[in-house]
Amino acid sequence: MTTFVLATANPHKADEMRAVLVGLDVQLIERPVDAPEVEETEDTLEGNALLKARALVEATGRPAIADDTGLFVEALDGRPGVFSARYAGENASYRDNVEKLLAELEGVDERRRRAQFRTVIAVAYPQRDPEIVVGTLDGSITTAPRGEGGFGYDPVFEPNGAGGRTLAQMLPDQKNAISHRGNALRALALVLAKQ
Ligand code: IMP
């Protein structure tokens, strides 16, 4: 059994991870409360995920798992990308970020509203090279929010092939089955199963 420390302090994400990794010989434990907060100073999701995972290895001496997610919008040259959480400013709410995104895309026609969610998960170890897995979800940005579920940019993200529903109009299980984070977690399960 290998024990991994999770960088996320979000219990919902930790549960999601446990659900996908069930059946594997791994144990996931929460980050110690005194582990130092890591500033996401890198300009890629990979860089930030690695930064967070390596900092936890340093703090705990155990293997660690960290993730980072961004929304990449084609007509905005990939923005908000790595800055998705703080697109409308340092303390921006989900709603502020969504409003800013819709404002930036004002007048952009449907074909140019293509976007991709990308999640990178990094696994760092005390004594060996890290592993990186990526999960993506392709879709487009709507012109107005729709749906009450999910979080973040879900009300304005319409996945390709989802019958015109936004992620916020799906049940959690439906979203997880196709989502960037779900896909990254399934890739992580494959990597950990081989160890
Ligand atoms: P994080 O790296 O998971 O914290 O994600 C960074 C930001 O991306 C979040 O603050 C959200 O705004 C956005 N985000 C991440 N995952 C999702 C998702 O599944 N749906 C909608 N927005 C998301």
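Predicted model: local features only at pLDDT ≥ 70, side-chain atom pairs only at ≥ 80, totals over all residues.
User: Is Val5 buried or exposed?

Analyst: A residue counts as buried when its relative accessible area is under 20%. The relative accessibility of Val5 is 1%, and therefore Val5 counts as buried.

User: How far apart in space are Val5 and Ala177, C-alpha to C-alpha?

Analyst: Along the sequence, Val5 and Ala177 are 172 residues apart. In space, going from C-alpha to C-alpha, the separation of Val5 and Ala177 is 25 Å.

User: Which elements do the buried residues of α2 pack against?

Analyst: Helix α2 runs over residues 45-60, and its buried residues are Leu45, Gly47, Asn48, Ala49, Leu50, Lys52, Ala53, Leu56 and Val57. The buried residues of α2 pack against β1, β3, β5 and β6.

User: Why are α1 and α5 called oblique, and at what angle do they cross?

Analyst: Two packed helices are described by the angle between their axes and the distance between the axes. The axes of helix α1 (residues 11-21) and helix α5 (residues 180-193) come within 9 Å.

User: Which residues of α5 make the contact with α1?

Analyst: The crossing of α1 and α5 is right-handed. On the side of α1, the contact is made by Lys13, Glu16, Met17, Val20 and Leu21. On the side of α5, the contact is made by Arg181, Leu185, Arg186, Leu188, Ala189 and Leu192.

User: How many residues of the contact of α1 with α5 are charged?

Analyst: Sorted by their side chains, the residues of the contact of α1 with α5 include seven that are nonpolar and no polar ones. The charged residues of this contact number four.

User: What is the relative accessible area of Glu16?

Analyst: Glu16 is found in helix α1, and, not counting residues up to four places away in sequence, Glu16 touches Asn176, Arg181 and Leu185. Both Arg181 and Leu185 are listed among the buried residues of α5. Glu16 is itself buried, because the cut-off is under 20% and its relative accessible area is 12%.

User: What is the phi of Asp77?

Analyst: Most residues other than glycine have a negative phi. Asp77 sits in the loop between β3 and β4 and counts as exposed, with a relative accessibility of 72%. Although Asp77 is not a glycine, its phi is positive, at about 55°.

User: What is the omega of the peptide bond between Arg79 and Pro80?

Analyst: Most peptide bonds are trans. The bond that joins Arg79 to Pro80, a residue placed in strand β4, is instead cis, and its omega is about -5°.

Conventions
Residues numbered from 1 in each chain as written. Heavy atoms only, no water. Axes fitted to C-alpha atoms, helices over the stretch in contact; angles between N-to-C directions. Helix = DSSP H or I, 4+ residues; strand = E, 2+ residues; numbered from the N terminus. Left-handed = near helix turned anticlockwise from the far one by under 90°. Contact = heavy atoms within 4.5 Å. Nonpolar A, V, L, I, M, F, W, Y, C, P; charged D, E, K, R; others polar. Buried < 20%, exposed > 50% of the residue type's maximum accessible area, 1.4 Å probe, protein only. Expected span 1.5 Å × (residues − 1).
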